[in-house]
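Let's take a walk through a protein together. Keep the picture open as you read and find each part as we get to it.

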Amino acid sequence: MHLPVLLQEVVEALRVKSGETFLDCTAGSGGHTLAVAQATGGTITAIGIDEDEDALSRTHERLQAAGIQATLREQNFRELDKTLSDLGVAKVDAILFDLGVSTDELLESGRGFSFSKDEPLLMTFRKNSEGRVTAREVVNEWKEENLALILEGFGGERYAERIARAIVEARVQAPIETSKTLADIVSAVVPRSGRTHPATKTFQAIRMAVNDELPALEEGLRKGLASLKSGGRMAVISFHSGEDRIVKRFFKEEEKSEGGTASKKPIVPSREEVQGNPRSRSAKLRIFIKK
Ligand SMILES: C[S@@+](CC[C@H](N)C(=O)[O-])C[C@H]1O[C@@H](n2cnc3c(N)ncnc32)[C@H](O)[C@@H]1O
């Protein structure tokens, strides 16, 4: 099961009190929602959003088993304003974004997020990928230079051009249909470094492109802040330098225009947390308190 990252740090940063409303924009497998709700003995109003309906089912089961009530909505957080207005909620006291993909999605979604699985290349957070851009479309239809651009821009991949070339050459022979085929194409042209799989950055970059993750984050942050009460707290956990840059810049600009106070430095996981959960190693938590 997905291990929530920086759990205690998030609970402390958000300081959600009895009677307050908490919006979890990335419910995932419910770990953070559960901890935030339990910290007050379940006496808060909890709202959880996730684009992935399976994630919401996991959250529902987990909260129900603990006797915690929450309202869950299948939605992209870039539309969180719509979710709140549909629920008749004007403003909330605390908001969390815990970005990216969960371990459960990587291992169980069947949508090709992981290079260690042989699954259809979809990579959409939404389970029903009909009418959406999928990873299959990206690798089989995008121009070589655009592939190289996302691999470098989102993945920070130094072999971006070499990988883009290999993908284009491979798809001339036969369409690239599965995560394993893609992982093999990349592994053949990227030298292995340490224990990191050669296709790690490629998979991250394609997932970010498929889900339009950076623009969604910018929109979510803006709408999230507009939906916070005065004195409300926002916490964002990012796993990628491009995400962290957006969060840092957004909080700085809001602070400059006297909209509130941003945490000076990001909070990062302890050595013990990284040992127990290696996936947490790149996490950065930033906090903003609205004026
Ligand atoms: C890292 S996991 C969150 C884990 C969660 N905090 C927990 O403790 O279990 C990120 C989740 O956010 C969802 N997600 C990512 N981007 C999203 C977006 N723009 N809108 C809605 N959900 C999103 C993913 O489907 C995934 O379930």
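Start with the ligand: 23 residues surround it, and the closest are Pro 4, Thr 26, Gly 28, Ser 29 and Gly 31. A residue is near a molecule here if its C-beta atom, placed from the backbone, lies within 6 Å of it. Keep in mind that this is a predicted model: local features need pLDDT of at least 70, side-chain atom pairs count only at pLDDT 80 or more, and totals for chains, interfaces and linings use all residues. Residue numbers start from 1 along each chain, as its sequence is written.

What classes of residue make up the shell around the ligand? It has 7 nonpolar, 10 polar and 6 charged residues. (Ala, Val, Leu, Ile, Met, Phe, Trp, Tyr, Cys and Pro count as nonpolar, Asp, Glu, Lys and Arg as charged, and the others, Gly among them, as polar.) Two elements, α2 (31-38) and β2 (45-50), each give the shell at least two residues. Names like these come from DSSP runs, numbered from the N terminus: helices are H or I with at least four residues, strands are E with at least two.

Now follow α2 to its partner, helix α1 (residues 7-14): their axes come within 10 Å and cross at roughly 50 degrees. Axes are lines fitted to C-alpha atoms, for helices over the stretch in contact, and angles run from 0 to 180 degrees between N-to-C directions. That angle makes α1 oblique to α2; under 35 degrees would be roughly parallel, over 145 roughly antiparallel, 65 to 115 roughly perpendicular, and the rest is oblique. On the α1 side, Leu 7, Val 10, Val 11 and Leu 14 make the contact, and on the α2 side Gly 31, His 32, Ala 35 and Val 36 do. (Contact means C-beta atoms, placed from the backbone, within 7 Å.) These residues split into 6 nonpolar, 2 polar and no charged.

Arg 162, Ile 163, Ala 166, Ile 167 and Ala 170 of α8 meet Ile 185, Val 186, Ala 188 and Val 189 of α9. That contact has 8 nonpolar, no polar and 1 charged residues.

Finally, zoom out. The protein has 13 helices and 7 strands, and its C-alpha trace spans about 60 × 40 × 40 Å along the principal axes.

Terms used:
Contact = placed C-beta atoms within 7 Å.
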